[in-house]
Amino acid sequence: MRFLVCVATAISLSAVAASADPIEDRQALMKERGAVMRILGPIAQGREPFEADKVLEALEELNANAQATTDVDALWPEGSDSGGDNDSAPAVWEDREGFVAATNKYAADAAAAAEAAPQDLEAFRAVFGPVASNCGSCHEAYRL
Amino acid sequence: MTSRSSYLLLAGAALVAAAAGALWFASAPQRLDAALVEDMPTGDAARGEMVFWAAGCASCHAESGATGDDRLVLAGGTRFETPFGTFVAPNISQHSDDGIGAWSAEDLANAMMRGVSPEGRHYYPAFPYASYARMQVEDVADLYAFMQSLPAVEGIAAPGDVGFPFNVRRGIGLWKRLFLDDQPAVALDDASQQVLRGQYLVEAMGHCGECHTPRNALGALDASQWLAGAAPLEVEGRPVPNISPGEDGIGGWSEDEIVALLESGFTPEFDSVGGTMAAVVRNLAELPADDREAIAAYLKAIPAHPNGY
């Protein structure tokens, strides 16, 4: 019985994963990323005060979100380049290698920033700058 | 054939010839006033570098996505797929055969401000001379001095493909007669020096209107919807945002927030601009902070419009 429940759970879970809309999934991840950026961005720009605990918490969230986005094949499968509310550029599929590299670089920069656990604004800016620079370069090449 | 009908035929032919002559004359490439370019001063390369970034030369003429010093490699070759056809950014490096290394400062001024090549041909207005027409000749002189310090790069890109009737270059002469002038796009009463500087950066050098302002059927900017946002120029693009200061535009943004976008690419919502705007931000980030503030002040001072797309 227990085995059956496990199997049933596994099947329903995978069914959920398979039926989920990758366009919605990746946009949800981007929106979550935006929400964290709205905490970190104003601090980096000096418009909000630097608080080490708050910054570390946000950096860890940003990192978790970045790692969750590295499964490029699940989030940008073949055929998800149109329809829905797609804003991903054809280059995501035409330049797969470059896109995977960009995604991994962002994840590595986000991990390094969280790992650094900056204790003051200067240290925070030093690790956050490289993370934030990924946004523009990736949107330039891979977002419509 | 009666003598009367042959007379009519002759008169008709004369009229057609006169009309063709007038068209030929009207469509001829017009250079800048000789007096204006004769007095062109020797430029200052350091100032010219700022003109280079403000005018966004690298956005089209360097490799797409180029950063850092790669933006100074102006080999061209980027292709723009538009409803008028495919335009290709030419090599404007200092190569004397493949680029513009053999040009004089006057040649550069005539190209940028009148859309006329040194050989006397019309350029397509995909090259934003309709905006650069508002530039000061002194700034072109400075730009010329700076560009002479840039590398010569070999190579001429494969030509574009523009269909009839747009491939008739003389037609561009008529287009210029209708749409090319050096007057400001918007009238600003009692504008501060800062706003006027912003106007020059936006309307002349930055050529922001080329993407952010809707065009009429002949491809000229519609000044009555200045910076109201526009359908994309490129076939696969997205609508270009309204940056006039209304509800549809960026009326809710503070000047500081506009400045932050111009420097970092982040919107007040901390989305990050992409597409062709990413290169624009990289260019504008090179300018003195005063210039980004002037752009923001100007964008707050112009009339608000509903979305132009």
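**View 1. The end of helix 3 of chain B.** Just after helix 3 of chain B, G56(B) has a positive phi of about 70°. The model is predicted: local features need pLDDT of at least 70, side-chain atom pairs count only at pLDDT 80 or more, and totals for chains, interfaces and linings use all residues. Residues are numbered from 1 along each chain as its sequence is written, while chains are lettered from A and ligands numbered from 1 in the order in which they are written. Helices (H or I, at least four residues) and strands (E, at least two) are DSSP runs, numbered from the N terminus.

**View 2. Burial of helix 3 of chain B.** Helix 3 spans residues 45–55 of chain B, and its buried residues are G48(B), E49(B), V51(B), F52(B), W53(B), A54(B) and A55(B). A residue is buried if 20 or more other C-beta atoms, placed from the backbone, lie within 10 Å of its own. The cover over these residues includes helix 4 (57–61), helix 7 (137–147), helix 9 (193–205), helix 12 (277–284) and helix 13 (289–301) of chain B. Across chain B, 41% of the 309 residues count as buried.

**View 3. Contact of chain B with chain A.** Chain B contributes 14 residues and chain A 12 residues, where two residues are in contact if their C-beta atoms, placed from the backbone, lie within 7 Å. On the chain B side there are six nonpolar, five polar and three charged residues. Ala, Val, Leu, Ile, Met, Phe, Trp, Tyr, Cys and Pro count as nonpolar, Asp, Glu, Lys and Arg as charged, and the others, Gly among them, as polar.

**View 4. Helices 2 and 3 of chain A.** The axes of helix 2 (residues 22–44) and helix 3 (residues 52–68) of chain A come within 10 Å and cross at roughly 150°. Helix 2 of chain A is therefore roughly antiparallel to helix 3 of chain A (an angle over 145 degrees). Residues of helix 2 that meet helix 3 in chain A include L29(A), V36(A) and L40(A); their partners in helix 3 include V55(A), A58(A) and L62(A). The residues of this contact divide into nine nonpolar, one polar and three charged.

**View 5. Helices 6 and 7 of chain A.** Helix 6 (residues 96–116) and helix 7 (residues 121–142) of chain A pack at about 165°, with axes 9 Å apart. These two helices of chain A are therefore roughly antiparallel. By class, their contact has 14 nonpolar, one polar and two charged residues.

How values were computed: A residue is buried if 20 or more other C-beta atoms lie within 10 Å of its own, exposed if 12 or fewer, and partly exposed in between; C-beta atoms are placed from the backbone. Axes are lines fitted to C-alpha atoms, for helices over the stretch in contact, and angles run from 0 to 180 degrees between N-to-C directions. Angles under 35 degrees count as roughly parallel, over 145 as roughly antiparallel, 65 to 115 as roughly perpendicular and the rest as oblique.
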